[in-house]
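Student: I would like to learn how to read a model like this one. Can we go through it feature by feature?

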Amino acid sequence: MADQEDDRVGYRRPPKHSRFKPGQSGNPKGRRKGARGLKADLLEALNAQQTILINKQPVTDRRQSLALKTLTTRAAAGDIRAIKLLVDLIIQVCGVEEAGSGRSNLSAQDEAILEQLLSRKIDDDQALGSTDEGTSGDV
């Protein structure tokens with residue numbers, strides 16, 4: 001009875017003569033053992049040491065560090081493309097500060113101006129709200 005079930009052919013049941021033998025791979029020409037991917041090669045290239053000239057003086061460091069130094073130097077010199085790349089990189093790596101973090105980078109004068117504007121807006125909203133209440137009667 002078990003032999004008859006083994007000999008059945010159909011969906012997900014290939015003929016017995018064409019099934020993989022025990023220990024046989026389904027992809028014999030697949031990836032070699034120890035084959036490296038793009039990520040491993042990229043990390044190795046970025047961590048390699050290199051010497052470049054900065055201000056006519058040789059500087060030896062990791063390529064990743066040297067690339068960042070070059071990018072920040074070009075951005076500081078006003079290169080718009082370098083500035084955009086640097087800002088995008090900063091946002092991707094460091095993230096954007098949350099608006100509600102509680103820390104303020106404004107001066108006291110700027111904060112006073114914002115307080116005045118907010119109080120005016122609140123007063124205007126209250127004035128509009130009182131006139132809206134009077135006009136929103138039953139129609």
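Student: Which elements do the buried residues of α3 pack against?

Tutor: First a caution: this is a predicted model. To read packing, list the buried residues of an element, then ask what they touch. In α3 the buried residues are Ser65, Leu66, Leu71 and Ala75. They pack against β1 (49–54), β2 (57–62) and α4 (80–94).

Student: What follows α3?

Tutor: Look at the backbone angles past the helix end. Gly78 follows α3, and its phi is positive, near 105°.

Student: Where is confidence lowest, and where is it highest?

Tutor: Check the mean for the chain, then each element. The chain has a mean pLDDT of 80, and 82% of its residues reach 70 or more. Helix α1 (residues 2–7) is lowest, at a mean of 64. Helix α2 (residues 38–47) is highest, at 93.

Student: What share of the chain counts as buried?

Tutor: Of 139 residues, 4% count as buried. Now look at contact range. Among contacts with a separation of 6 or more, residues 24 or more positions apart account for 0%. The accessible surface comes to about 13,000 Å², with 55% of that belonging to carbon and sulfur atoms.

Student: Which residues is Gln49 in contact with, leaving aside neighbours within four places in sequence?

Tutor: They are Thr60, Asp61 and Arg62. Gln49 and Gln64 are 15 residues apart along the chain, and their C-alpha atoms are separated by 9.1 Å.

Student: Now charges. How many salt bridges does a search of the whole structure find?

Tutor: The general idea comes first. Side chains of opposite charge can pair when their charged atoms come close. The search finds four salt bridges here. One of them joins Lys69 to Asp61, at 3.2 Å from N to O. Lys69 is partly exposed, at 35% relative accessibility.

Student: Which residues do shared partners join into one network?

Tutor: Salt bridges link Arg36, Asp41 and Glu44 in one network. Arg36 pairs with Asp41, the closest N and O atoms being 2.9 Å apart. Arg36 also meets Glu44, at 2.5 Å from N to O. Now read the exposure of each member. Arg36 is partly exposed at 45%. Asp41 is partly exposed at 38%. Glu44 is partly exposed at 48%.

Student: What makes the nonpolar surface patch of about 450 Å²?

Tutor: Look for nonpolar side chains grouped on the surface. Here they are Ile80, Ile83, Val87, Ile91 and Val96. Val96 lies in the loop between α4 and α5 (108–135).

Student: Does the cut-off place Val96 as buried or exposed?

Tutor: Val96 has 63% relative accessibility, so Val96 counts as exposed.

Key. Residues are numbered from 1 along each chain as its sequence is written. Side-chain values use heavy atoms; hydrogens and water are left out. pLDDT is the predictor's confidence in each residue, from 0 to 100. Helices (H or I, at least four residues) and strands (E, at least two) are DSSP runs, numbered from the N terminus. Buried means under 20% relative accessible area, exposed over 50%, partly exposed in between (1.4 Å probe, protein chains only). Contact means heavy atoms within 4.5 Å. Patches are made of residues with over 30% relative accessible area and no salt bridge: like charges are joined within 9 Å, nonpolar side chains (Val, Leu, Ile, Met, Phe, Trp, Tyr) within 5 Å. Accessible areas come from the Shrake-Rupley method with a 1.4 Å probe; for residues, only the protein chains shown count as cover.
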